[in-house]
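Here's a quick tour for anyone who likes to look at side chains before anything else. Open the model and keep it at hand while you read.

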Amino acid sequence: MSVLVQSGSGLPLQFARLLMDWQRLHGRSGLPWQGTRDPYRVWLSEVMLQQTQVSTVLAYFPRFLERFPTVQALASASADQVMALWAGLGYYSRARNLHRCAQAVVAEHGGVFPNSASVLQTLPGIGASTAAAIAAFCHGERVSIVDGNVRRVLSRLLAFDGDLAKTAPQRELWTLAQAMLPVEPLPDDMTAYTQGLMDLGATLCLRSRPQCERCPVQAICRAHESNTVLNYPVKTRTLKRRHESWWLLLLRESAAVGGGRIWLVQRPSPGIWAGLYCPPVFDSEAALIGALPAPWRKSLRELEPVAHSLTHRELRLHPLLLVVDAAGAEPLGMEGAWIADEALHLYGLPAPVRVLLRPWLQSQQP
Ligand code: SF4
């Protein structure tokens, strides 16, 4: 069933008014990326907040800004510096795109982010929703964000039953989102409306336990009225995760030789953890053992496996520790380099690798 909503008619007018009033009184405020019209800060926070909780971003955002206070500073950094600072936030393609985007802003737009959502979308890693957030927050453009939280809010509010796993219903919901925007917004209205949509999705219109009794738009919510809230959003395709095991060689330099170094390899691109640093990975224990000179094999020590979830995979990491003479380790024929413990924090390490290297990681980062 398609849903009819006319911009400027009763429902959108009521929704925008209720949402903005609620956001101004009860919405989230005081987050370090709020209260600014600086596109660099808004963009950085929007990218960090994709797939990552606010509490985690709160630790990374100030550190990132301190190191790269401007888009020019970020553009001129090396990829390794950016990845090192991003390490632990996951979804590393975001960091690679962040870096490329900063370089494009500097090279193609004179270091100034474009004003409109349509031009922002042409930059690397900036999708429709991120572009809308930057344009609405920084320039008051009348354009709607439609991320996962907002899709949930609007599909419930409108009892929109199109299958959001498919492109046509996604487009239809986008059109509806545009129709719900405030008409002729005052200067701060688009900020309150956009932030209100985000806050409602993140704090009340929750996936499995929506707090309808506290919701400012309960009186006009069609799913609530028909007691069908948990039927929305409709999405038929479910994500299938593949299970995979990796064996990681934690090759340590013997303390007697100098100590305090570990062998790391830069992950190939494209692929999982592309560009980050990791101990050598093997797809079986036999392959790992086979890569070692025979006299070393008896010194291998198995450590506790670590489980790690990626979007499409469940990884099980099996670490095997081997302490060797550095001089003897070089001819192994493996690509990589010895990294001193005190320098480990300068390298982009995937979150589970940070866990494995914790005994040696002398980092300032979490
Ligand atoms: Fe979501 Fe419930 Fe509010 Fe409707 S009433 S928008 S379902 S929280």
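This is a predicted model: local features need pLDDT of at least 70, side-chain atom pairs count only at pLDDT 80 or more; totals for chains, interfaces and linings use all residues.

The protein chain has 16 helices and 8 strands, and its C-alpha atoms fill a box of roughly 80 × 45 × 35 Å along the principal axes. Of the 366 residues, 49% are buried. Ala351 belongs to helix α16 and is partly exposed, because its relative accessibility is 27%.

Now for the rings. There are 9 aromatic pairs in the structure. In one of them, the ring centres of Trp33 and Phe61 are 5.3 Å apart and the planes meet at 75 degrees, so this pair is edge-to-face. The pair ties together distant parts of the chain, 28 residues apart: Trp33 comes from the loop between α1 (10–26) and α2 (39–49), and Phe61 from helix α3 (residues 54–67). Trp33 has a relative accessible area of 10%, so it is buried. Phe61 is buried as well, with 1% relative accessibility.

Tyr277 and Tyr347 make another edge-to-face pair, because their planes are at 80 degrees, with the centres 4.9 Å apart. Here too distant parts of the chain are linked, 70 residues apart: Tyr277 sits in strand β3 (residues 277–278), while Tyr347 is in the loop between β8 (337–340) and α16 (351–356). Tyr277 is buried at 12% relative accessible area, whereas Tyr347 is partly exposed at 24%.

| Edge-to-face pair | Distance of centres | Angle of planes |
|---|---|---|
| Trp33 and Phe61 | 5.3 Å | 75 degrees |
| Tyr277 and Tyr347 | 4.9 Å | 80 degrees |

Tyr40, Trp43 and Phe113 come together as one aromatic cluster.

On to the ligand. It sits in the largest cavity, and the residues around it are Arg156, Cys205, Cys212, Cys215, Val217, Gln218, Cys221, His224 and Val229. Sorted by class, that shell has 6 nonpolar, 2 polar and 1 charged residues.

Last, the backbone. Most residues other than glycine have a negative phi, and most peptide bonds are trans, so a few spots are worth a look. Tyr232 and Pro233 are joined by a cis peptide bond, with omega about -5 degrees; Pro233 is in the loop between α12 (222–225) and β1 (242–253). The bond from Ser269 to Pro270 is also cis, with omega near 0 degrees, and Pro270 lies in the loop between β2 (261–266) and β3.

That loop between β2 and β3 holds Trp273 too. Trp273 has a positive phi, near 60 degrees, in a residue other than glycine, and it is buried, with a relative accessible area of 5%. Glu184 is not a glycine either, yet has a positive phi of about 45 degrees. Glu184 is found in the loop between α10 (167–179) and α11 (189–204). Is Glu184 buried or exposed? With a relative accessible area of 71%, Glu184 is exposed.

How values were computed:
Residues are numbered from 1 along each chain as its sequence is written. Side-chain values use heavy atoms; hydrogens and water are left out. Rings of Phe, Tyr and Trp (its six-membered ring) pair if their centres lie within 6.5 Å; planes under 30 degrees apart count as stacked, over 60 as edge-to-face and the rest as tilted. Helices (H or I, at least four residues) and strands (E, at least two) are DSSP runs, numbered from the N terminus. Buried means under 20% relative accessible area, exposed over 50%, partly exposed in between (1.4 Å probe, protein chains only). A residue is near a molecule or strand if one of its heavy atoms lies within 4 Å of it. On a 1 Å grid over the protein atoms alone, a cavity is a set of points where a 1.4 Å probe fits but cannot get out, and a pocket is an open set with protein on both sides within 12 Å along at least five of seven lines; lining residues have an atom within 4 Å of a point. A molecule sits in a cavity or pocket if more than half of its atoms lie within 2 Å of its grid points. Ala, Val, Leu, Ile, Met, Phe, Trp, Tyr, Cys and Pro count as nonpolar, Asp, Glu, Lys and Arg as charged, and the others, Gly among them, as polar.
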